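Biologist: I would like to learn how to read a structure like this one, feature by feature. Could you take me through the general idea each time, and then the case at hand?

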Amino acid sequence: MPVDKCRVCGNSFFDEPLLKYKNMPKSAQYFPDAATLHLDKGVNMTVCQCSACGLVQLSNDPVPYFREVIRAAGISKEMTDFRRTQFRAFVEKYTLRQKKAIEIGCGHGEYLSILETLDLDSHGLEYAEEAVNLCREKGLKVSQGFIDSRKYPLDNAPFSVFLILNFLEHLPAPNTTLAGIWHNLKDGGIGIVEVPNFDMMLKNDLFTEFISDHLFYFTKETLTTTLALNGFELLDCSTIWYDYIISAQVRKRAKINLSRFDLRRSQLENELHTYIDGFKPKTVAIWGAGHQALAIMSMLNLAEKIRFVIDSASFKQERYTPATHIEIVPPEALDCNNIQAIIIMAGSYSDEVADIVKKRYGRRTSVAVLRGDGLQIVDNDCNNSGHDLE
């Protein structure tokens, strides 16, 4: 059934289609003979654009053979020579020799045969049984299948390298295929994703490029968005083959390692507790009730050690910090409380607050400012220098 939402991001198309074509060839690979000519009927195509990500696509159903790769590239010596040069440069650029690679949708092995000559452990995936058998007759390592789930198990996975060349635009569920590839890659896996260049079609008004086989018409921008949504970061993107193809080099996006955040938290906790423990219990105040200060009080276990929190914002005063339940007071509270130290956590206002505190309370109060690199003791006239006051 025709779709009414973007197949990639799930948002709605613009209300009106971009184009409507009638009586178009029902596929690029169907050629009726004399006996079946009377059965052939053209199809209507509707070209739509996603109102959110901007991807241009047909709302039509895919052609029946969309899982199969049918290409004439093996006929062209020029294309074969081009691919050999391209693949060699790719392998050298990312130091991929002896890595395990897979071509998703390898057809009759036209490109897989080239990869075999580049010191790669090359594998292929193809849906059509006849094509798989032909590849195997050539001595190529090809599995029969099609990635139709996000955790599709590829034979011989995981892979360090993948290629999907002028195939993605045929697929009604590109997210599923890309996610399935991601699932079968090693961390940091590298790949080439290629699609026809819709930027060139727009530039040259190539209205004849629309065909039922191609559900998607990617620009550099919309291809980048599609890849990013499915876990790939763009390493390089260029146009090749007389500007007809967008060739994107990508890497499997890794989970960010935030272990250094925990290390920093632990270091800061030790630093703050050491400073606070140098004073009598409940004689240290914090200046600042912004979100970072509130987080620090909670994460660094300061609730039982802080007398109160000072903040100039009246709407915060006479209330309590969330989670830690420390009283929030106005600056004037310092005048009538025996506060021996103030830790300023006021972000970009910290220096301004420090100047005020030093001028008004500097002779009897230690002042420290929490900065990005740790706790800074502010030079003042206080004789305790951060140690216990008698």
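Biologist: Are Arg71 and Glu103 buried or exposed?

Modeller: A residue is called buried under 20% relative accessible area, exposed over 50%, and partly exposed in between, with a 1.4 Å probe and protein chains only. By that rule Arg71 is buried, and Glu103 is buried as well. Please keep in mind that this is a predicted model, in which local features need pLDDT of at least 70 and side-chain atom pairs count only at pLDDT 80 or more, while totals for chains, interfaces and linings use all residues. Residues are numbered from 1 along each chain as its sequence is written, and side-chain values use heavy atoms, with hydrogens and water left out.

Biologist: Which residue forms a salt bridge with Arg71, and how far apart are the closest N and O atoms?

Modeller: A salt bridge is a side-chain nitrogen of Lys or Arg within 4 Å of a carboxyl oxygen of Asp or Glu. Arg71 forms one with Glu103, the closest N and O atoms being 3.3 Å apart. This pair links distant parts of the chain, since Arg71 sits in the loop between β3 (56-58) and α1 while Glu103 belongs to strand β4, 32 residues apart. Arg71 and Glu103 are also linked with Glu110 in a network of salt bridges, and the structure holds 15 salt bridges. As for the element names, helices (H or I, at least four residues) and strands (E, at least two) are DSSP runs, numbered from the N terminus.

Biologist: Where do Lys252 and Asp187 lie?

Modeller: Lys252 forms a salt bridge with Asp187, with 4.0 Å between the closest N and O atoms. Lys252 lies in strand β11 and Asp187 in strand β8 (residues 185-196), so the pair ties together parts that are 65 residues apart in sequence. Lys252 is buried, with a relative accessible area of 6%, whereas Asp187 is exposed, at 73%. In another salt bridge, the side chains of Arg265 and Asp262 meet at 4.0 Å, N to O; both residues lie in helix α7, three residues apart, which is about one turn of the helix.

Biologist: Which residues of α9 are buried?

Modeller: For a helix, one can begin with the expected span, which is 1.5 Å times one less than its number of residues. Helix α9 (residues 350-361) has 12 residues and reaches 16 Å from its first C-alpha to its last, close to the 16 Å expected. Its buried residues are Ser350, Val353, Ala354, Val357 and Tyr361. They lie on the same side of α9, because they cover an arc of only 100 degrees around the axis, the arc being that of the directions from the helix axis to the C-beta atoms. On the other side of α9, Glu352 and Lys359 are exposed. The buried residues of α9 pack against β12 (284-287), β15 (341-344) and β16 (366-371), where contact means heavy atoms within 4.5 Å.

Biologist: What should I look for in the backbone itself?

Modeller: Most residues other than glycine have a negative phi, and most peptide bonds are trans. Here the peptide bond from Ala157 to Pro158 is cis, with omega near 5 degrees, and Pro158 lies in the loop between β6 (142-144) and β7 (159-165). Thr95 has a positive phi of about 50 degrees although it is not a glycine; Thr95 is found in the loop between α1 (77-93) and β4 (100-104), and is exposed, with a relative accessible area of 63%.
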